[in-house]
Amino acid sequence: MPCEVKPRILVLYGSQKGQAQSIAEGIADEAEEKGLIAEICCVSEGDKFNLEKERAPVVIVVSTTGDGDPPDNALKFVKRIKKKTLSSDHYAHLCYALLALGDTNYANFCNCGKTIDGRLQELGAKHFYATGYADDGVGLELVLDPWLEGLWEAIRRALSKMSAPQPKRDVTDTRVSSEETFESLATDVSLHLLTSETGSTASLTLSFPPLSESALNVPNLPPPYLDVVLQEATTREEVGCVAEGFQEVPVSRSAKLTSDDSVKTALLVELDISAHPMDYQPGDSLDVLCPNRVSEVGELLLRLGLMDRKSHCIQLSLQKDTKKKAAQIPSYIPENSTLQYLLTWCLEIRSVLKKAFIRSLVECTEESGEKRRLQELCSKQGSADYNLYVRDPRLGILDLLRAFPSCQPPLSLLIEHLPKLQPRPYSAASSRMRHPGQLHFVFNIIEFPACIERPGGRRGLCTGWLSDLVDPILLHPGKVQSSSTSSSVPKVHVSLRQNCSFRLPSDLSKPLIMIGPGTGVAPFIGFLQQREKEREDNPEVVFGETWLFFGCRHRDRDFLFREELQGFVGNGTLTHLKVCFSRDPPEGTETRTGPRYVQHDLLLHAKDITNLLLRENGYLYVCGDAKNMAKDVNDALMEMIAAELQLDKLEAMKALARLREEKRYLQDIWN
């Protein structure tokens, strides 16, 4: 008898931090279990697939990064399909499904996915399944889980249609209906989650009816794929911190910018880059490589029973019989790394546990009650509990192992599921023109309060580490800096991250409007330092107006860069400095009557700002918190434009969109 030919699908992904890749790999693995042949490729691997000749169903999973940009490994693909020379039927043969990952805290939600989806439609490609828009701002699972659940029936139908002759029919653009389908689906799921909460004393480790009595739909067990061998260390020295593209530079100075009674603690760090010149511009940022905390690495080693083997070298290999599609050894783990190095510099041990990881941990748990609870947390029925007790408090592997003592995962499982330890980005707060050989940045020390799931509070990984690192040389307000010996100079590994859009305009006559409360003022210090130097070097040039809207809690506690900003006003570099203090009443009053936040200050100067933006072609920059501030500023701008130009809301939105398209409304925002 002839061999049965298995149906085939192609899975493509574009991923910045590994999320989209992990989802794509899960789709490929499950496809194999369902009797399909699944080829999986990154969209950057154009030599491994050919959409021009592809006849099988294609599943695309793609994330969005930055200000609506494609992931680095999707840039070439997006550029290629955007070629204007391609005909409208270039992909008429192609049928596909697309899952876009994004975050509604940012303005251009799922922009990369929408760009690819829209362009494929323009080139004649057809959906075989509704596009999904998964929102990391509320939890990817709200759309991801039901989207994946329905994918397989859609693939079955698509394969069935492909194998049978089809009558000609009109093909309509499904983008709008797709978005409506999965936005309404997310709403339905959210309503279910709200109505399923019992209001009882459930917790991370304990559930109540109906969940505790429900039959569960748990995800398929992710196939293991790594073999790990620990070899006793030789006389060879421990490998140092290795990261391609990073340079180790000394900290020349560090200063505390806030008072001791401030709610938040802001620190300024000045790096000496004279031995490692970096061609940075104001508006760029730097990535800082930080290790996991020593105490957490030690606790994890103890919990895994590997403390006595922490100096052993790790040898990784792929399991010969693994069922994982496109399995590969993580490229970010250097050869001959020790176990301690692996847990310190390679793996993000604080990363929020994904359901697939929890599903794997079920198999490593002996006690029946703990096993059942882990099954609930990764199940479809337990989505509300997962969000409440894992996702929202941002629980990591250590938190879960503390709560479930009978869970004993092997080291290989952690390497398979924990993502790469990512560097943390910080905006440059200086200009090379004013401070040659130096690069400054500023940050708040992040404090996570204690919660039921994590009784001990903790600091942010990188900000806590940086704070400890610079503490011996830290200059406190009003105190003289003590001299330090060369042996005590702290060093950090940094890499330049250029932001070619968040830059000063080349035309010096254009007005600048900068909005940066708190540490969001950082890039604007660099802007103003550069503008100050340009004014000194070009006394004959007429410069455009400069406005800065800054906000903080208290005038005397957390007014960052106060003296420098007032100096910019004094010498004419900064035309207008508008500062609001959210917890102080306006000067000369006992109660609040003035602006509280930067968006309120904007509204007070609506006529000037709209005139600068729309009539004098000015540039507007926003830096800071994406979740609240950036949205509130956007709403204020819309209100200002509508009022000043007597437009309705839709027309005001279009006016703002035009500013974005012209690169005159720019954001550098974060969660």
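Colleague: Hi! Where in the chain is R557 found?

Modeller: R557 is in the loop between strand 19 (546–552) and helix 15 (562–570). Helices (H or I, at least four residues) and strands (E, at least two) are DSSP runs, numbered from the N terminus. This is a predicted model, in which local features need pLDDT of at least 70 and side-chain atom pairs count only at pLDDT 80 or more, while totals for chains, interfaces and linings use all residues. Residues are numbered from 1 along each chain as its sequence is written, and side-chain values use heavy atoms, with hydrogens and water left out.

Colleague: Thanks! What is the relative accessible area of R557?

Modeller: The value is 31%, so R557 counts as partly exposed. Buried means under 20% relative accessible area and exposed over 50%, with partly exposed in between (1.4 Å probe, protein chains only).

Colleague: And which residues is R557 in contact with, leaving aside neighbours within four places in sequence?

Modeller: R557 touches L257, T258, S259, D261 and S262, where contact means heavy atoms within 4.5 Å. As for D260, its C-alpha is 7.8 Å from that of R557, although 297 residues separate the two in sequence.

Colleague: What about contacts in the whole protein chain: what share comes from residues 24 or more positions apart?

Modeller: Such residues make up 79% of the contacts with a separation of 6 or more. The protein chain has 671 residues, 49% of them buried, and its secondary structure comes to 19 helices and 22 strands.

Colleague: How many bridges join strand 21 to strand 22?

Modeller: Six bridges connect strand 21 (residues 619–625) to strand 22, and these strands run parallel. You can find D625 opposite W670, which is in strand 22.

Colleague: Okay, aromatic rings. How many aromatic pairs does a search of the whole structure find?

Modeller: The search finds twelve. Rings of Phe, Tyr and Trp (its six-membered ring) pair if their centres lie within 6.5 Å; planes under 30 degrees apart count as stacked, over 60 as edge-to-face and the rest as tilted. One of the pairs is F502 with Y621: the centres are 5.4 Å apart and the planes at 80°, so this pair is edge-to-face.

Colleague: Where do F502 and Y621 lie?

Modeller: F502 is in the loop between strand 17 (491–497) and strand 18 (512–515) and Y621 is in strand 21, so the pair ties together parts 119 residues apart in sequence. Both residues of this pair, F502 and Y621, are buried. Ring pairs also link F502 and Y621 with F524 and F527 into a cluster.

Colleague: How are F550 and F559 arranged?

Modeller: They are stacked, with 5.5 Å centre to centre and 20° between the planes. F550 and F559 are both buried.

Colleague: Last one: which ring does the charged end of K355 sit over?

Modeller: K355 sits over the ring of Y386, 5.4 Å from its centre. That label needs NZ of Lys or CZ of Arg within 6 Å of the ring centre and within 35 degrees of the ring normal. Y386 is among the buried residues of helix 10, a helix (residues 383–391) with eight of its nine residues buried. Elsewhere, R660 lies over the face of Y665, 4.2 Å from the ring centre.

Conventions: Two strands pair if DSSP finds at least two bridges between them.
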